[in-house]
Amino acid sequence: TATPITINPTATATAITTTTSKREPSKVNSATLRFNNRLNQLAKNWDDSTAPKVEALLLDALEKYQLHLKEEESEQGGGESTPKTNITTTMIIPNTISFTNAITAWARCTRKDSAPRAQSLLTQMLHLYTSPDINTHGKWDHIKPNKISYNSVITAWARSNERGSARKAEELLRSMYEFYNNESGLDPACKPDARSFNAVINAVARSRDKNCADRAKFLLDEMGRLYNEGDDDLLPDALTFGAIINAYANSFEAGSSDKAAQLLMHMESLYSMGFEQAKPTTFVYNACMNAFAKDPLICVLNEVNTQQQEEGGDDEGGSNNSTRTTLNRAQKAEQLLDSMEKRYNDEKDWRIKPDIISYSTVINAHANSGTSNAGVNADGILRRMLHRYLMGDTKCRPNVIVFTAAIKAHSTSINATLSGLDESEDEASKFQKREQIKVSAKRCEDLLQELCLLYQLPGNDRSMKPTSVTFELVIGALTLAVDWEGVERISALREEGMLLRD
């Protein structure tokens, strides 16, 4: 289980005492400044070859400096003395900035071993700073790790695809607090900040590990607790909240959408109190709507509802309650979209502007609702999106994903209507339901035909091209409607390759 993160309760604003040896440089010389600038420029590259070069340069300079110290000690008979001025002013003396530049280079490296290599450099820094017995000249205060050093390694683990990398980032955050409390002299330059927490929370949330969303939420709560205890640096941003909400959406756990909605409400509360960086963004809204769309509780409740209907459950039983809850999941996603549209229209803030993902997610929520009116509801959202696009909003440009989701919603309506057919019903009622099925199946075909026309227009790309899933959904819907002519039309359209463009 996760344990709370603690700050040394004896931390005060008193000056930090240091024990710098006479052999430690009192200030950075020009050679070291030039060296650090060179490493910094190299560390800006995003590739798989720069980081090893930067590390090699650093370790070479470190080896030469250590050799110089040993030679000097030998000349002085092992006693303490001031280094020769003409050497120490021209020699590269690796320091915290040097190591941090090398760590940053590994954090931006595309190699699989980037995170362990960054971690190794941090470990070497810690040994040089905290283990005076590894050399004869004492502790190296000029290679003292700071928050930037730690944050760069955390970022390297956060970007790593290595199994367990999120755990490593989480462990490093706790190690960072231990270093700050016990080794750094409570140096503010070493205290974890919002970037430290945000990077770890994002790593945990995106890890897809078991219970990753709850673990990330725990860290967020710890961040809030420490903030309330007086650490004003610890304030999560919208990206952090969004990562956790997205983790709940991808957890496929029953009730995950409720946890996501609670986080969104918390963001709204923080923003209303003046915390600008906690303002929900398009990404956050989309992630929360996605949580409602993917919540397996929707499917479970619909299955229970169908089973109770088949077993003859009456209207006063749980079936109607299940239907209402199922509807509410999709409706809550739609309400969030309504809120986004209204907020954007009022504030004109591009950070909360609905996009193609917003509309397709809500359409998908209706497609997953398992209700007979899923298709009608999806059509309403599709019309709103197309209206925005026709009014010049390029963020709402339609694609095959949106149309396929709408077709899936109509297929859901057909299946829900079929499951409600009862042979004991009167003929008029059964005829009405069969007509509803035909209408939904025809709408599936119309949506596919519309998508085909859009794809064939000049200037459109492959994002408009119907997929095999699109065709299968339409053929399946027409089959359920017993529209064999429609099945032949769509099969011919698919087989003749009418959608191919030169």
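I began with Asp113, which is partly exposed at 25% relative accessibility (buried means under 20% relative accessible area, exposed over 50%, partly exposed in between; 1.4 Å probe, protein chains only). The model is predicted: local features need pLDDT of at least 70, side-chain atom pairs count only at pLDDT 80 or more, and totals for chains, interfaces and linings use all residues. Residues are numbered from 1 along each chain as its sequence is written, and side-chain values use heavy atoms, with hydrogens and water left out.

I next looked up the partner of Asp113: its side chain meets that of Arg111 in a salt bridge (2.8 Å, N to O), the term standing for a side-chain nitrogen of Lys or Arg within 4 Å of a carboxyl oxygen of Asp or Glu. Arg111 is partly exposed at 31%.

I then turned to Asp233 and Lys191, whose closest N and O atoms are 3.6 Å apart in a salt bridge. Asp233 lies in the loop between helix H9 (212-228) and helix H10 (238-251), and Lys191 in the loop between helix H7 (165-182) and helix H8 (194-205), so this pair ties together parts 42 residues apart in sequence. Helices are DSSP runs (H or I, at least four residues), numbered from the N terminus. I noted Lys191 as buried at 12% and Asp233 as partly exposed at 43%.

Within helix H18 (residues 427-456), I found Asp446 and Lys442 4 residues apart, about one turn of the helix. Their side chains form a salt bridge of 2.7 Å, N to O.

Finally, I recorded 34 salt bridges in the structure.

Conventions: Helices (H or I, at least four residues) and strands (E, at least two) are DSSP runs, numbered from the N terminus.
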